[in-house]
Amino acid sequence: LYAKRFYHERVIDHYENPRNMGSLDKSDSTVGTGLVGAPACGDVMRLQIKVDDGGKIVDVKFKTFGCGSAIASSSYITERVRGMSLDDALKIRNTDIAKELCLPPVKLHCSMLAEDAIRSAIKDFRTKRGGDIIHGADAK
Ligand code: FES
Ligand code: FES
């Protein structure tokens with residue numbers, strides 16, 4: 001397979017069997033939506049989280065219009081943040097994702113998309129809820 005020369009098998013697996021692809025209801029007050037783009041290539045990722053009263057992520061879905069690494073990064077991050085508190089999810093760095101998926105340096109910006117998307121989804125959720133559920137520092 002041509003792609004196998006460039007992509008690690010963990011990327012291929014998430015790309016061929018993406019986890020948690022889909023949508024959550026944007027108008028639901030327990031749902032935060034992050035929509036981000038990568039300036040380097042124009043790829044777009046949407047990530048949505050559903051948060052319970054304790055500030056824990058109980059569901060997560062994504063849709064990504066982009067390259068294999070971007071799809072793999074989104075699939076990976078949905079698995080990673082499920083069950084996490086918002087504050088812990090904010091600590092995930094794109095370099096962790098890139099390391100986990102063995103992304104080459106040229107594909108680092110693809111994992112950045114996933115970090116941006118989760119931050120943006122958390123920010124949207126917190127903005128929606130106002131002072132309702134704010135645990136710790138705000139999302140940047
Ligand atoms: Fe756009 Fe990756 S460069 S798909
Ligand atoms: Fe642009 Fe992967 S997100 S090449």
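User: Which residues touch the most other members of the largest nonpolar core?

Analyst: This is a predicted model, so what follows describes a prediction. In general, nonpolar side chains tend to be buried together in soluble globular proteins. Here the largest nonpolar core holds 32 residues, and the members that touch the most others are Ile49, Ile118 and Ile122.

User: Which element gives the most residues to this core?

Analyst: Several elements take part, for E2, E3, H2, helix H3 (86–90), H4 and H5 each supply at least two residues of the core. The element that gives the most, with nine residues, is H5.

User: How many helices and strands does the chain have, and in what pattern do they follow one another?

Analyst: The chain contains five helices and three strands. Read along the sequence, they follow the pattern α-β-β-β-α-α-α-α.

User: In what order do the strands of the sheet lie, and which of them stand at the edges?

Analyst: The three strands form an open sheet with antiparallel pairing, in the order E1-E2-E3. Strand E1 (31–37) and strand E3 (57–65) each have a single partner strand, so one side of each is left without a neighbour in the sheet. Neighbouring strands are turned against each other by 15° on average, direction ignored. The strands at the edges are therefore E1 and E3.

User: How many bridges join E2 to E1, and how many join E2 to E3?

Analyst: E1 and strand E2 (residues 44–51) run antiparallel, and glycine 34 has leucine 47 in E2 as its bridge partner. E2 and E3 also pair in the antiparallel sense, with valine 44 standing opposite phenylalanine 65 in E3. The bridges number seven between E1 and E2, and between E2 and E3 they number eight.

User: Which residue in the turn between E2 and E3 has a positive phi?

Analyst: E2 and E3 form a hairpin, with five residues between them. In that turn a positive phi of about 80° belongs to glycine 55.

User: Is methionine 45 buried or exposed?

Analyst: Methionine 45 is found in strand E2. Its contacts, leaving aside neighbours within four places in sequence, include Val36, Phe62, Ala70 and Leu113. A residue counts as buried if 20 or more other C-beta atoms lie within 10 Å of its own; because methionine 45 has 26 of them within 10 Å, it is buried.

User: How far apart in space are methionine 45 and threonine 64?

Analyst: In sequence, methionine 45 and threonine 64 are 19 residues apart, and threonine 64 is among the residues in contact with methionine 45. From C-alpha to C-alpha, their separation in space is 4.3 Å.

User: Why are the buried residues of helix H4 on the same side of it?

Analyst: In helix H4 (residues 94–101), the buried residues are Asn94, Ile97, Ala98 and Leu101. They lie on the same side of H4 because the arc that they cover around the axis is only 95°. What covers them includes helix H1 (9–16), helix H2 (68–81) and helix H5 (108–129).

User: What distance separates the end C-alpha atoms of H5?

Analyst: H5 has 22 residues, and at 1.5 Å a residue the helix should span 32 Å. Just after H5, glycine 130 takes a positive phi of about 60°.

How values were computed. Residues numbered from 1 in each chain as written. Chains lettered and ligands numbered in written order. Predicted model: local features only at pLDDT ≥ 70, side-chain atom pairs only at ≥ 80, totals over all residues. Buried ≥ 20, exposed ≤ 12 C-beta atoms within 10 Å, placed from the backbone. Helix = DSSP H or I, 4+ residues; strand = E, 2+ residues; numbered from the N terminus. Arc of directions from axis to C-beta. Contact = placed C-beta atoms within 7 Å. Pairing = 2+ DSSP bridges. Axes fitted to C-alpha atoms, helices over the stretch in contact; angles between N-to-C directions. Core = buried A, V, L, I, M, F, W, Y, C linked by C-beta atoms within 7 Å. Expected span 1.5 Å × (residues − 1).
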